[in-house]
Amino acid sequence: MSLTDAGAPERAAGNAPSDPGRQRRGLTERLLAVRELSLLIALGLLVLVTTVRNDRFLSGQSVKDLLLGCAILVILAVGQTLVIITRNVDLSVGSILGLVAFATGSLFLSAPGTPWPVALVVGVALGALCGAVNGGLIAVARVPALVITLGTLYAFRGIDYYWASGSQINAADMPPSFLRLGNQTVLGVPVLFLVALVVVAVVGFYLRSYRSGRELYAIGSEPAAARLSGIPVGRRVFAVFVASGAFAGLAGVLYAARFGTLDAAAGTGLELQVVAAAVVGGVAIFGGSGSAYGAALGAVLLTTIGSSLAVLRIDPFWQQAVVGALILAAIGLDRVLALRVAARLRGRSAHGA
Amino acid sequence: MAHDSLYAAPPTAEAEPGAGRLASLRGLLGSWDVAVVAALVVAVLVASLTVENFATGRNAQFLLLDLVPLALIALPMTLIVITGEIDLSVASMVGLCSTLMGQLWLSSGLSLELICVLVVLLGAVLGAVNGLFVTGFGLPSLAVTIGTLALYRGLSFVVLGDQAVADFPADWTAAVVRTIPGTSIPVVVVPLLVLAVIFGVVLHATAAGRALYAIGNNDQAATFTGVSVARTKFWLFVVSGAVCGLVGILWTLRYASARGDNATGLELTVVTAVLLGGVSIFGGRGALLGVLAGVLLLGVLRNALQLADVDANALTIVTGTLLIASVVLPNAVADVRARLHRRRQRHPAAS
Amino acid sequence: MTADAPGTDGAPLLVLDGVTKSFGAVAALRGVHLALHSGEAHALVGENGAGKSTLVKILAGAHAPDAGAMTLDGQPLRLRGPADARAAGIAVIYQEPTLFPDLSVAENIFMGRQPLRGLRRIDTTAMNRDAERLFQRLGVRIDPTRPARGLSIADQQLVEIAKAISFDARVLVMDEPTAALSGVEVERLFAVARSLCEHGAAVLFISHRFNEVFDLCHRVTVLRDGAWVSSDRATDLTVDEVVRRMVGRDVASLYPKQDAELRDTLLEVRGLTRAGVFTDVSFSVRGGEIVALAGLVGAGRSEVARAVFGVDRYDAGEVLVAGRAVPAGNPGRAIAAGMALVPEDRRQQGLVMELSVERNATLARRRALSRLGLLLGAAERAEARHWTRRLQVKTSRLGAPVATLSGGNQQKVVLAKWLATEPRVLIIDEPTRGIDVGTKSEVHRLLSELAGEGLAILMISSELPEVLGMADRVLVMHEGRLVRELPRDEADETSIMFAATGQGATA
Amino acid sequence: MSAYRRGLRVGATSLTLAALLLSATACGGTTRDNSGNDAGAGNQASGAANPDAAIKEGLKIAFLPKALNNPYFTVSDNGGKDAVTEIKGEFKEVGPSEASASSQVSYINTLSQQGMDVIVTSANDPNAICGALNQAKAAGAKIVTFDSDTKPECRQIFVNQVTAEGIAENQVKLISEQIGGEGEIAILSATANATNQNAWIALMKDELKKPEYSKIKLVTVAYGNDDDQKSFQETQGLLQSYPNLKGIISPTTVGVAAAGRYLSGSQYKGKVKLTGLGTPNQMRQYVKDGTVDAFALWSPADLGYLAAYAGAALASGQITGAEGDKFKAGKLGEFTVGKDGVVVLGPPTVFDKNNIDQFQF
């Protein structure tokens, strides 16, 4: 313990002054809000710069494309947020998405009359099942989630490949009502984006306002303390992986609706973008902090960068490098900020908390 | 130091000072490398008997050629994992080194010898970036190397776009696939063996090797014993980068093609081989011989399955499953043993 | 202040009967009995390593006992986890705070029990208000909305206390909660504890500060080496009697420091400062001398030792061994200069538990034992055999993992590791924490012998009898400063505790 | 674990490993000559063709596509399978999960190890698999490439879907008709180093220089990396960057489908014309909803079919791969080997809403 009772003398004097800067909003929440705000600013700047170079970037069609483009990543990033908050990581989401997308197509192929809500339920359930495999293995083996999900990344993808064995499912194989889901707009806003918004709102609300949601933060913040506090750590972590799988499943179904053309490679390599989105969105890779809103903003930012690169006619090969650099910058920045904040808070504590 | 336990086992496993559990775990893992070698022997025997064309010199040559990059990267990876870290960016470093080699060859006019030296140095620099983030900023290597996995792969596409550079001198490209006269062992196995011996000696018979195990088991105790944990880890990442530079050269020459997607996904195979070879993902345990056996086992399995016309997609599943199994099995077995052990302790009369 | 123990005649609230727990080869608890009555404050005392913390963990549901039974209100009590303990109304304040650094103070207090409003949502406003009230009750001001990260240890402890009293526990277990608190805070804490008792709760209080024990508690249970020794009314006991029972024999005979010829100054520390941790620490230790560094937990003693040895950096000052400056922040150089540090936490800092006795014993000597860079197995074994024999380490074989050894033997391995480096300066932090009495005296004899051979020994110890028995001089730290230096004949429990608690602080 | 037992174990382990290596060596002594140093170039016209030789039965013909999970190759490989069944050979399809040259090498090695008579492959990299192909050739296999060629000296025959000129002509004509002969157009290609794509694009540029196309301006070439999402985004980027864009040519099946999907869901549907090379199944929807007027493609199944026959003809000694060799390819009729051992399948088929329902691939 390098923390010591540096604050003792002041308190011993017994005249600890009240925190002057306190407002209605909690300090903890305010720290988070700063991150979300800076993301919004970055996003704004990016859009501005791109628009200056090409004013069509902000046309209705283009905004619609952007919203459509980020919806799936947003859903995945929100699912990933749940996992990362508990100090774990789920690398298998891209493969789960691919598997579920193909399963959805196959379902329509083998039972053409299937109403799309059924497909949705089946897809989410299959995703949740994959998540349960992850969660179960992690619980049994007590091995870093990264290793397990790296393994299932390949295993799920392999199953997908094996199943598809080179076949492709085309838009014509799926009912138009389902495909409309992928392109339809309500008041100019794509349905897909609305779904993503609902997911963000629900998870954001859950994480903030429910006991079990707060327990996820507790687990990621200090697993040992979480156990001592009677939090069912194993069960929560398992549930989180199931949820992440279910969201990947949802994303998979939506992927099928949006892209129409499905082969077994759908979603390959997506996991990096998802992790990047969450981390850029302020979900600390050490667990314990971050919000669904931030992760969603991170996903929007990443998608916008991708579109901007295309619009600015920058070599698309830069995109992956940018993703990598953003991950590094985000975790590095988080670290520096965390140290700063800790130092400042220690100062506050020493000068009368 | 909260992040130290990032992705590590849930605290019960470490907080519980279950010496019995540790002992049985040790007993199991002590024999793990033996088990891997046994599995290797069985795999080779079964494959030789049942798979047509497996037990031929030509096949051995192909097998070894495919395995050399894997084995080379596995050497520093073993050391890194033993210290409790991981380097997931290895394949991307190979890719970036390969494209840079191509770009230099294409446009710099330097001699190939010089380029090779530069590429190895460049690999070391890439590794140093990893090392800096991990030790300088105190970030978990998992997160850092996932970032550099994307970054380096992205940069390797930036360097050459989707172009490939292929006009390397034929005598160089031929040299890489040549076999030792009179045998079907590729000559590239020689540098691999030399490096393996060096890594093996460093790990198992030097002060530095002892320090690696100490770091992986308990970095605090290592610090208190005068081991410079950060510096050691930093240099390991540098070495890993340099070896990846070397592999980048070999890869480029073997396929006579420098391209951005070279060695994509190799990190999974390397990590699988290392874990399969009995190195504990939590650090502190493992031996180089086991890892080499793990590399061979993986290669033999893949090669034999390929020869037996097993679908490539099934191979993907096999690799993923092997990775999971090699981390789940030791823990599961240790768990069962510990449970039995506790039961024995609780009811001494019963036993 | 000591009240009559209320309700001790009635049926006890919580009973532990024959509770046994061992970790590997180490028996932490052996058939311990304990009865807590409603409305009483019960002290649990014992030396470090006597099994108090293990008992606490069992009550908290964090460890399951190997054998023995617990009853609550006469009903059998089985705790499958901390959640069960909580449900049963047992609240625990741990020695080391277990907070979630990323969450707000209020959430830390109410984790899992947050006040709810419609749709089972957390009512943040109510939660913050409730936390505010708890702090008022404790008489402290901590912003409930700030994150727990960055709280001082004392504030963290206060949050823990607020957490424990927030759910009106029937049994409140406090494991050395006062170590980092100031006098005012301790008084407030005791007021809260007393009011809990008045409302029918039972308080189990663990402390090394006897004045606090006798101030608060009605009854005192003594543990020694994992076994129950006695349970008596506090009014029937004296401090001397308690100490005697804790130690198991007379204090004087325990610590046989032989007089040794004092030689040249070997370790000199000048103006060592690490911002916010310790300030301007200067002292010297001569060959043949044992200097004890005393003080309360959190006074900065171990931190000074770590900085001197180079594990931590320091902001100002210098460290000299035999007159030559030792570079800062580099344990390797410190070792080369002839320093050795036996750290306070054997498991975390002293040993690599999964490596063998041999490997641990030779770890610090690994460079010296290599020939042309290669480590020779035979040399290692010979070295390890030599030192384990000299220290009489009891182990079946040198290849056994140290985790399988008992605490005392583990400590011997740590000592062997450092003695093998043939140091001139030995810094030893809590030399006998958690080891059995027999080994304790062996360690003490060894230290005395080493001093006789001319080593300069700096010993940090929280056990006053050990300090008094072993040290030629006693340095007392309080809140990061050296406040008192006492020669052997002036040092006694009162004078040390007086200085350590910062009363009449003059150097 | 005592140190001695430990030592013993290490010793035993090393011995086993050494034994394994040695046994590999011992087996290998016999095949030393096969290390692949003989240049492939000489093979091309070695021996004389015997045009009358019958196609042998029981030929072992293996298809190695760029990747197993590419639907296009699934269709061509099935065409190959039909051909192999017709000639009573043994058909086999193997390949990596993901398109990479290095894993293709490993499969080529395996195939040559299995003693295949013919290896039909589509190269992920024109150079990377050359060494392995030469070794396989030296081991007695005949090498046919299709769809994507390697360096000519590494194979005997390349079955080209169409001539590059044919594609360029066809694509420029299609787009010109659709946009009314004037306006800005862009090309959405696969990857920047795809040999065939680049050859076509260069020829399209030449074609556009013809007087009848003088009012058409090619503004840019974008690369969708043969990745659906990337192609989708690139299409989006094209339309934003070039507001006056009239048409897009996407001579790749992945790109044209992605571009079609983007256009059909956007305001540009029907206004910005799209043509390219696509499969009828993927494009059917966009043709029917008016996004796409017409596009073209050869039959991938026929391509595989022809490649299989070319391989069988090589293995049976009917042809050697020299210019002027002739062979019969079942239902497709007779083909002549052109310069550099290239066999051309034929002109592409143009699909529009009148005929698209007749095609299922």
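Guide: What follows is a walk through that sheet, then its helix, its domain and the confidence attached to them.

This is a predicted model, in which local features need pLDDT of at least 70 and side-chain atom pairs count only at pLDDT 80 or more, while totals for chains, interfaces and linings use all residues. Residues are numbered from 1 along each chain as its sequence is written, and chains are lettered from A and ligands numbered from 1 in the order in which they are written.

In chain D, 6 strands make up an open sheet with parallel pairing, and their order across it is E2-E1-E3-E4-E5-E13. Strands here are DSSP runs (E, at least two residues) and helices are DSSP runs of H or I with at least four residues, both numbered from the N terminus; two strands pair if DSSP finds at least two bridges between them. Strand E2 (90–93) and strand E13 (342–344) of chain D each have a single partner strand and stand at the edges, so one side of each lacks a neighbour in the sheet. On average, neighbouring strands of this sheet are turned by 20° against each other, direction ignored.

Contact requires C-beta atoms, placed from the backbone, within 7 Å, and axes are lines fitted to C-alpha atoms, for helices over the stretch in contact, with angles from 0 to 180 degrees between N-to-C directions.

The domain assignment, automatic or taken from a database, gives chain D a domain 1 (41–161 + 300–346) and a domain 2 (164–297); the centres of these two domains of chain D, taken over C-alpha atoms, are separated by 30 Å.

As for confidence, chain D has a mean pLDDT (the predictor's confidence in each residue, from 0 to 100) of 82, with 86% of its residues at 70 or more. Among the elements of chain D, E3(D) has the highest mean pLDDT (94), whereas helix H1 (residues 3–28) has the lowest (54). Over residues 24–46 of chain D the pLDDT is below 50, and this stretch has 55 contacts in the model beyond near neighbours in sequence.

Methods: Contact = placed C-beta atoms within 7 Å.
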